[in-house]
Amino acid sequence: MSENPSIKESSIQVNSVLLYPKGGKPSIIANEWQVWNGIEAEASLAQINQDQKVLAPFQWWLSHGQAQAQDPDSEVTKRIQKKTIGVWFAADEDILKHHEVIEAGKPAWALVAADFPIFRDGRSFSTAALLRERFNWSGEIRAIGDVLIDQLVLGARSGFDSFALRADQNLDMALKQFDLFTVTSQNSWRDRRSQLNERLNGHLSS
Amino acid sequence: MYKYDYIDQTLVNERVIQFKDQVDRRINGTLPEEEFRPLRLQNGLYHQRHAYMLRVAIPYGLLSSDQLRTLAHIADKYDRGYGHFTTRQNIQFNWIKLEESPAILADLAKVQMHAIQTSGNCIRNITSDAFAGVAADEYVDPRPVCELLRQWSTLHPEFAFLPRKFKFAVCGAKEDRTILLCHDVGISLKKNENGELVADIYAGGGMGRTPILGSLIKENLPWNVLPSYLTALLRVYNRFGRRDNIYKARIKILVKALGPEEFARQVEGEWASIKDGDDNFQQSEWDRVAKHFTKPTYKTAEQISTEDLIQSALENERTAFARWLERNVKAHQVPGYASVIFSLKPHGSVAPGDATTEQMLAIADLADQYSFGELRVTHEQNLVLADVEQAKLLELWHKAKAQNVVLPNIGLLTDIIACPGGDFCSLANAKSLPIAKAIQERFDDLDYLHDLGEISLNISGCINSCGHHHVGNIGVLGVDKDGKEWYQITLGGEQGNHASIGKVIGPSFGAEQIPDVMADIIDTFVKHRTADEPFIETYRRLGVMPFKEAAYLNRSKESTTGAVV
Ligand code: HEM
Ligand code: SF4
């Protein structure tokens, strides 16, 4: 796992994404979004084809993207109009500290993502939960990085609705993960903890 | 006793299927060990020195006789005929085959048990007072809250990959029997002036390498908002707890680094935005759960005096029976009833906390006959029949004798808490079990033990502190120096309302010296104690010096080591 294909070594492009809309069914779709690590060069966004959908690091957005979005002729503005730009949050990003930037960014971003630098780092579960609860983000939230099959149920319930699984993961198996549990014992983004009547009548109606 | 409804049962059944699939993928090689590891840990499956070890949850320490029979069956069928009750109200089986683990979980699910979150970096099995619902000093029965929190925390999606393990304890009595302050979060339940159920929240306690007692961070929190408050607290920890160093990843380090006030402030900030959400418990949920913890159908019985009880025994049995009544039988809320502790600490024969298949089966029968079919597991690694008619105590004592569980040593020097240490645990620096055995053999005189009164002696095989050595009046910690096993002694630890962490007295001793060192410490206590003064008070009055001098007097430099870990 030292060769953990997280976005830091950004050349790995995940071809398919598992999409699991709230209330809908999971499916595999082609991945249109490239995760850009934004580190190589400050202006390098221009080097990426304008029609290519790009997820930029939130830190880059803070330092460059936000300002450029004010400029009607900038690369960023064009991308906003084409809906080809979004941001990804690193696992250690304190998103609550940037409340205003995120609120202002909401209309600009076509997609947001949160990174799992290693599968057992659970910070991004809380990031997704906060984006849903505190920022009322209603669009797609994508899990990127070291995303494994056995995290899908957790992610789906915390607030994610799309998953760029690590390239070696078995997608057929991934699709079946959401059928594993039919009940829940706490509230989550998708499900309500089953309340009294449901609990009493659940077995009758099923 | 809580009974699973459709949802609880379905969840546990589905979990068995999920885990079986994970095990299958591990065996067929599609799931690498590194990625399987946290998954199996979240199902209580460790890989230890000899084999896999499975840790089964006994939520808040409550067991039905049928559940105990199933544990006996698992010990018999999948293990070597015994199980080990731990300090965290779990039971461990030491000789498990990976391939068989899903079948064991399926057997457990049939009696409403599981191994979910008994290990791993998630919210662990919630522990509580083993005398909940019966203790004479109880303010509120903590079990409905424990059960609601068990449900809330079970497979919680946001908190399955925390920086480290996370332990809750819940207490509702005047005397703390849960070591509340040594938990990541301690929940102290009480009634406010209006008679409403509220909780004081302590955070940032824990033993291990850096023992710290928890700090009060919230007072009078209404019981029903626990889910939102704890979500806020866990969020702060999940996001800001250190992940760079496993020794610094516990919440105690975060609370210490920020200071309890600042930590509390951050939790409060997060909580403010979710406190009114629909995450909180509903009264209807309380009603659904609490009805399982109503009192059993007690008979109306007269309180019987200890003197009368003793007189009811045959003359040649009286001394032994009286001792048992004194040490192993506790006061009850209901007149005519008592709680009985079965000692799993026979002198020098088995590991503290071990019970054989035969014992478990027999004790399950005793629970059926004498205690409404229920038992409790204590963090001191003993078993409790909580609701025994006083009039039946003598009969019960006779029957329990056959199972070798009536040794009247509860709370005494030989009621040793010990982790499995080097005999089973791959993290150990030294063995624990032979030390416990040697001490029990050395102090095998019951008269003497009774005269000494309450002393807690706790042994851990390494600094992880599974044996609670930090809070033992006498603590023994296994340390390693130059590949040799040594034992460091701490004194002055205590659990309960005056919880404190023991202090190291000096260089470590060799295993063979420990019984003598104990004898010297105890002799010093006897020499200085006033009347019936308990050990801990003598220690507090005198400080460490006289004990330290006695422990090192006549012991050569070569036989001790400066190793302090
Ligand atoms: C044999 C396998 C076991 C392993 C590998 C193991 C591992 C550990 C580790 C690594 C810690 C340190 C956690 C930390 O400070 O962050 C720990 C703590 C602890 N373990 Fe174990 N343990 C085992 C068995 C047991 C047993 C048998 C018991 C009970 C007798 C137990 C009860 C505890 C308790 C009470 C703590 C202290 C938690 C605290 O910091 O407050 N463990 N264990
Ligand atoms: S204290 Fe150490 S030796 Fe004992 S069980 Fe825990 S990890 Fe193992």
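**Entry 1: ground rules**

I take a polar contact to be a pair of N or O atoms within 3.5 Å; within protein, one of them must be able to donate a hydrogen and the other to accept it, and residues adjacent in sequence count only if both atoms are side-chain atoms. I am working on a predicted model, in which local features need pLDDT of at least 70 and side-chain atom pairs count only at pLDDT 80 or more, whereas totals for chains, interfaces and linings use all residues. Residues are numbered from 1 along each chain as its sequence is written, chains are lettered from A and ligands numbered from 1 in the order in which they are written, and side-chain values use heavy atoms, with hydrogens and water left out.

**Entry 2: ligand 1**

I found 25 residues around ligand 1, the closest being T87(B), K165(B), K167(B), R250(B) and C466(B). By class, this shell holds eight nonpolar, eleven polar and six charged residues, where Ala, Val, Leu, Ile, Met, Phe, Trp, Tyr, Cys and Pro count as nonpolar, Asp, Glu, Lys and Arg as charged, and the others, Gly among them, as polar.

I then went through oxygen atoms of the ligand. One lies 2.9 Å from a side-chain N or O atom of R250(B), and a side-chain N or O atom of R164(B) is 3.0 Å from an oxygen atom of ligand 1. For C182(B) the atom in question is a backbone N or O, at 3.3 Å from a ligand oxygen.

C466(B) sits in the loop between β17 (457-460) and β18 (474-481) of chain B, with helices (H or I, at least four residues) and strands (E, at least two) taken as DSSP runs numbered from the N terminus.

**Entry 3: D129(B)**

Is D129(B) buried or exposed? D129(B) counts as buried because its relative accessible area is 1%, the classes being buried under 20%, exposed over 50% and partly exposed in between (1.4 Å probe, protein chains only). D129(B) is placed in the loop between β6 (127-128) and α5 (143-153) of chain B, and a polar atom of its side chain lies 2.8 Å from the backbone nitrogen of F131(B). Setting aside neighbours within four places in sequence, I list V170(B), A173(B), R177(B) and T178(B) as its contacts, a contact meaning heavy atoms within 4.5 Å.

Three bridges join β14(B) antiparallel to strand β3 (residues 62-64) of chain B, and L63(B) has L375(B) as its bridge partner; two strands pair if DSSP finds at least two bridges between them. Two bridges also join β14(B) antiparallel to strand β15 (residues 383-389) of chain B, where R376(B) is partnered by V384(B). The hairpin of β14(B) and β15(B) has five residues between the strands, and in it Q381(B) takes a positive phi near 70 degrees.

I followed E380(B) to Q495(B), whose side chain makes a polar contact with that of E380(B) at 3.1 Å. Not counting residues up to four places away in sequence, Q495(B) touches I179(B), H379(B), E380(B) and V471(B).

**Entry 4: chain A**

I traced an open sheet of eight strands with mixed pairing, in the order β2-β1-β8-β7-β6-β5-β4-β3 (chain A). Its edge strands, β2 (27-30) and β3 (33-35) of chain A, each pair on one side only. Two bridges join β1 (residues 16-19) antiparallel to β8 (residues 162-163) of chain A, with L18(A) opposite F163(A).

Notes
Near = heavy atom within 4 Å.
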